[in-house]
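Let's take a walk through this structure together.

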Amino acid sequence: MNQTHPTRETDLSFDESDAAQAESGSPFTPHDAEDVTEMLAAIGADDVEELFDVPEPVRYDGSFGIEGRSERAVRRRLDRTLDANADVVEFLGRGHYSHYVPSVVDSLSLRSEFITSYTQYQPEVSQGFLQVLFEFQSLVTELTGMDVANCSMYDAATALGEAATLADRVRAADGSTILVPDYLRAERRAVLENYADGPGLEIREFPTANGMVDPDALESALGEDVLLVYVENPTTDGVIEEHLDEIGSILEDRETLFCLGSDLLALSLLQNPADVGADVVVGNAGVLGLPNVYGMGIGLFACREEFLRQVPGRLVGASEDADGDRTYTLTLQTREQHIRRERATSNICSNQAWVALRTAIHAAYLGPEGLTALADRCTRLPARLAAELDAIPGVSAPANDAYHFREFTAEIDGDAEAVVSELADRGFAVHRRGDDAIQVCVTETNEEHAAELLETVREVMA
Amino acid sequence: MQRHRQAKWDETESDGHEPLLAEKDLTRHEPSDTYLPDDLTRDGVELPSISEPELVRHYTRLSQMNYGIDSGPYPLGSCTMKYNPKFTEDIAGQPAAAVHPDRDPELAQGTLQVYHELQDYLSRIGGMSAVTLQPPAGAAGELTGILVAKAYHEHNDEGDQREEILVPASAHGTNFASAAMAGYDIVELPADDDGRVDLDALSEAVGDSTAALMLTNPNTLGLFERDIEEIATIVHDAGGLLYYDGANLNALLGRARPGDMGFDVMHFNVHKTFATPHGGGGPGAGPIGVREGLEKFLPSPQVRVDGDEYTLVEPAESIGKVHGSMGNWLVLLKTHAYISRLGDEGLVDTSAKAVLNANYLAERIDLEVPFGPFHHEFVASAGETDAADFAKAMLDNGVHPPTTKWPEIVDEALMTEPTEAESKRSLERLAAAFNAVSEADDDAIAAAPRMTAAKRIDQTTAARDPKLSWQQLSD
Ligand SMILES: Cc1ncc(COP(=O)(O)O)c(C=O)c1O
């Protein structure tokens, strides 16, 4: 071979280390050596270290033992790590749902003017996000029928906690009991307990029947000590509550708030909370805007006008600017921690605003017809799947004689734990409910796998 | 001098700027042929019905009427508005990151590994024994940390006796509110003449009823609490715990660790220190760290590793839960990506440049900056001018103004935190914006801002006659 460019010994190794191409300092600090010198000269210091007024005994040498990596290496490593999540089709729900998130949601919510901004302390340069939040509040107002909606809580569980403390502030019952249904998810209840701890509220459970409220049982559980009754529609077992009007009537003339838990999609079809006498509506608004991202969501919080000045969290209102144009601004801030400190209605500061943006975009994308149609689908899919499961020997579905939203429980002849684990091995994740029941959630994002699921259940039960 | 004319869309037909979606189209839809019987459904909903192209234009225009870090400097003190690296969004957006929280741990090993590694990174960075990632924001971290302190005192049969939390006057509002939510009485501590904790006042205030002292270090004036060891001794001798508000940790990355300073419980503000986007107000995440001996009180579950299997464990005397699942997962994933991009050297460089930038900016502005030496932020005084007015006048110069009127220890406070991500040139533009306002006459300041999408907004009317939805606009 005629080699005019002979291979030289140096510079030719492949660097396979993760640290390849990592910078020596931070890649996100723009200073070069000359900048640093000039800046130090202006300050009158010889060295950056001089600027740290930290006593010697508590100094640290910066060796955490965390290795820096190039951007590509970080992505490659995290991609590989996340690949260890099993490749299963999820038929999981119980408060966390998967609906198809259209591309416009990512595309618009990732616009950097939105995502790299913060709370609108300077409304004149933040009209865009303020209007988004105003429109989000309006959306929640319409779907809950309430007079007032805030622009987010952290999640459904903390929103319920905030509703309990609101009840404590606005109601003068003879005690401090928060009455919750026996179907309340343990996680939500655990969060509620922590919000109840400070004000000394007591959480008590009332029994339900057939997956929904038994009005007689509720009435006998009620006493003069109850500040708030919490009911879900749909419940985390997927049951559509059939006694909302009765619950409303029972609570009507009492010192007890009626708090309804729901989500924005269900609300677009199911009974309007305002029509059944609800005082506060909480829940997960993130069913629109976010896929299942390990339980990250956005708490929705809406209530009747009379509680306006006791609402937790941020509120955006319309006003006018010096030109007389309509503008938006954070308002009624005297409720909040930065002004009221220990007497604030809540400690919340940073909230879930960006998720609110995503939820608003998703809802606008679907529009009233699209929302209602999707919600209607969420009542048909579980009915169909339950009927088909019921035809499998050893399965009885749905376990509750009721209409369902997205999901239902099914009774299993045999060991539910073994069935769930066998299903997982074959690529399907469903909930185990106790020793002899499972729970299955079906939406437009997994219905295409329903036939395979049925086939697999048939095999597993055989 | 830099100028900025913010985009502004308005239509003569609407009395505002970009019309609301509801003003473009409001359609009432009444469901028919539903699977559910009528008595279980609502009559209908009235919402905007617009096409995808219109929707995209609507939100694009709104984004143009919004200022973010990517637009220009955002030196909002205490908020650490640093550059948000873009690659973290790609990592968060991948399908493998989207899993259901009720998966059996065996089916979510990848996600749990990220949790476990981040628990470990943060333990090292804070000098803490264990970390929970569950609290969804800084304030939620505070509540969690105080509940841990409460559980500790109850464990020691001192729960009833220790009913007070000490908070310095200059602390953030959430410290007071979080302690109160946990059921504590607040004892406010005055600052000494140097702007730091007054040791005499502290000694006076602590005692048998002290549950904890909540401290931000560097404090909200940017000053390191030099007497931290003595403060820790005073509080610990009285049987109280020391809580670290991590909002200002950016200043100390790699230089000092809360654990080494004697703090027992701390929260991290990952949307500040670790560059996850602030998202127009959130989501953030507020993991907490605890020293040895307090791990058993942490929220449930904790992620542990057993051989090479990641598992979920309930700590022995757990306080329970502070979030319905495992916190703001996507934010935590971005935090992990940021920390592992930077590594030790990047983290140390971050605090170096954050402190260098704050000192350089302070040097270049013509306002009085009382107290010092400060670290990542300083609090200048707007002097005779109202700090809120001063801020409005800065808006026309293409910068976001500082945090105003807090901490109150400085008159007409302008709390300024440029972060490490501003270049020397950018800091000079920022200084010019301060200086132009400090020389402007009262009329010019009163007329500002002129070039923003909205002119000066009337806050009083907004609060007196609240209009919180499009429904209320027509009331
Ligand atoms: C000093 C300080 N502490 C606590 C917080 C509360 O953090 P978050 O907004 O994440 O709840 C803030 C944030 O604004 C802060 O500046």
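What follows starts at the ligand, moves on to the domains and sheets of chain B, and ends with some backbone details.

First, some ground rules. This is a predicted model, where local features need pLDDT of at least 70, side-chain atom pairs count only at pLDDT 80 or more, and totals for chains, interfaces and linings use all residues. Residues are numbered from 1 along each chain as its sequence is written, chains are lettered from A and ligands numbered from 1 in the order in which they are written, and side-chain values use heavy atoms, with hydrogens and water left out.

Now find the ligand, which sits between chains A and B. Around it are 15 residues, and the closest of them are A:Ser350, B:Ser78, B:Asp245, B:His271 and B:Lys272. To count as near here, a residue needs one of its heavy atoms within 4 Å of the ligand. Sorted by type, this shell has five nonpolar, seven polar and three charged residues. In that sorting, Ala, Val, Leu, Ile, Met, Phe, Trp, Tyr, Cys and Pro are nonpolar, Asp, Glu, Lys and Arg are charged, and the others, Gly among them, are polar.

Next, zoom in on some polar contacts, meaning pairs of N or O atoms within 3.5 Å; within protein, one must be able to donate a hydrogen and the other to accept it, and residues adjacent in sequence count only if both atoms are side-chain atoms. The side chain of B:Ser78 has an N or O atom 2.5 Å from an oxygen atom of the ligand. For B:His271, a polar side-chain atom is 2.7 Å from a ligand oxygen, and for the side chain of B:Lys272 the distance from an N or O atom to a ligand oxygen is 2.9 Å. How much of the ligand does the protein bury? On its own the ligand exposes 390 Å², and the protein buries 99% of that, with areas taken from the Shrake-Rupley method with a 1.4 Å probe (for residues, only the protein chains shown count as cover).

Which elements give two or more residues to this shell? They are helix H5 (138-155) and helix H10 (270-273) of chain B, and H5(B) gives the most, with three residues. Helices (H or I, at least four residues) and strands (E, at least two) are DSSP runs, numbered from the N terminus.

Step back to chain B as a whole. It is divided into domain 1 (10-65 + 464-473) and domain 2 (87-341), with bounds from an automatic or database domain assignment. Taken over C-alpha atoms, the centres of these two domains of chain B are 40 Å apart.

Chain B also has an open sheet of seven strands with mixed pairing, in the order E3-E9-E8-E7-E6-E4-E5. Strands pair if DSSP finds at least two bridges between them. At the edges are strand E3 (130-132) and strand E5 (185-189) of chain B, each pairing on one side only. E3(B) runs antiparallel to strand E9 (residues 288-290) of chain B, joined by three bridges, and B:Ala130 stands opposite B:Val290 in E9(B).

Another open sheet in chain B has three strands, E12-E14-E13, with antiparallel pairing. Its edge strands are E12 (378-381) and E13 (403-404) of chain B.

Finally, the backbone. Most residues other than glycine have a negative phi, and most peptide bonds are trans. In chain B, a cis peptide bond joins B:Gly282 and B:Pro283, with omega about 0°; B:Pro283 is in the loop between H10 and E9 of chain B. The bond from B:Gly372 to B:Pro373 is cis too, with omega near -10°. Over in chain A, A:Arg94 is not a glycine, yet has a positive phi of about 55°.
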